[in-house]
Amino acid sequence: MNDRFDFQIIEAGRLTSAVRAEVLGLCNSAYGEDVSHLFAAYTADVHVLARMGRVLVGHGMIVTRWLQAGAGPLLRTAYIELVATAEACRNQGIGARMVRELAGYAAANPYDLAALCPADTGLYGHLGWQYWRGPLFIRPSGNSEQKETPALIPTPEERVMILRLPGTPPLDLDQPLSAEWRGGGELW
């Protein structure tokens, strides 16, 4: 199935400008829009690259986010972003393998949880990801001079999936879940 493809995890700081251009080209094509603003706004920890020979055919990345279930502690979360597969290589297991590679990286590093906002729900469910059933919120960035904590911003139109990692504490998927505010135009 995907034995024709090579997969590589690369730290974000080691991504050359040439590879960065390849990634942006692939993601722009896969998403049918310019995603350079997202790529610039999200500070990735690592990228997974899938190649067929020398041609980039798949990409995904982990961005550290801080999720909070109910009033529990902030959870250092491996948030998976910009998963893309070249059109000619879809339905060959590349996306699933990239997600497994990123989840393996997250499990081997100091993350409490993995999460993502799925575009294709079928890809993640069979890999052990679960939908968060409770309401979703964004924690606005606070002004240090404010005396009160800003109210949470509800995001009822969003869907989030989580993957429990070895360090994940017990979670009630029906509690509210919140993430920090971030730029780039996509809250989740």
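User: How many residues lie between β2 and β3 in their hairpin?
Analyst: There are 2 residues between β2 and β3. Glycine 53 in the turn has a positive phi of about 65°. Strands here are DSSP E runs of at least two residues, and helices are H or I runs of at least four, numbered from the N terminus.

User: What kind of model is this?
Analyst: It is a predicted model: local features need pLDDT of at least 70, side-chain atom pairs count only at pLDDT 80 or more, and totals for chains, interfaces and linings use all residues. Residues are numbered from 1 along each chain as its sequence is written, and side-chain values use heavy atoms, leaving out hydrogens and water.

User: Back to the strands. In which sense do β2 and β3 pair?
Analyst: Antiparallel, over 8 bridges. Two strands pair if DSSP finds at least two bridges between them. Methionine 52 has valine 55 in β3 as its bridge partner.

User: Which residue stands opposite leucine 67 in β4?
Analyst: Leucine 75. β3 and β4 (residues 74-85) are antiparallel too, over 10 bridges. Their hairpin has 4 residues between the strands. Glycine 70 in that turn has a positive phi of about 55°.

User: And which residue of β10 is opposite leucine 67?
Analyst: Alanine 179. β10 (residues 177-180) runs antiparallel to β3, joined by 3 bridges.

User: How many residues of β3 are buried?
Analyst: In β3 (residues 55-69), 12 of the 15 residues are buried. Buried means under 20% relative accessible area, exposed means over 50%, and partly exposed is in between, using a 1.4 Å probe and protein chains only.

User: New topic. How many aromatic pairs are there?
Analyst: There is 1. The ring centres of tyrosine 124 and tryptophan 129 are 6.1 Å apart and the planes are at 70°, so the pair is edge-to-face. Rings of Phe, Tyr and Trp (its six-membered ring) pair if their centres lie within 6.5 Å; planes under 30 degrees apart are stacked, over 60 edge-to-face, the rest tilted.

User: Is tyrosine 124 buried or exposed?
Analyst: Buried, because its relative accessibility is 7%. Tryptophan 129 is buried as well, at 5%.

User: Which residues touch the most other members of the largest nonpolar core?
Analyst: Ile62, Ile94, Tyr124 and Trp129, out of 47 residues. Helix α3 (residues 94-108) gives the most to this core, with 7 residues. A nonpolar core is a set of buried Ala, Val, Leu, Ile, Met, Phe, Trp, Tyr and Cys residues joined through side-chain atoms within 4.5 Å.
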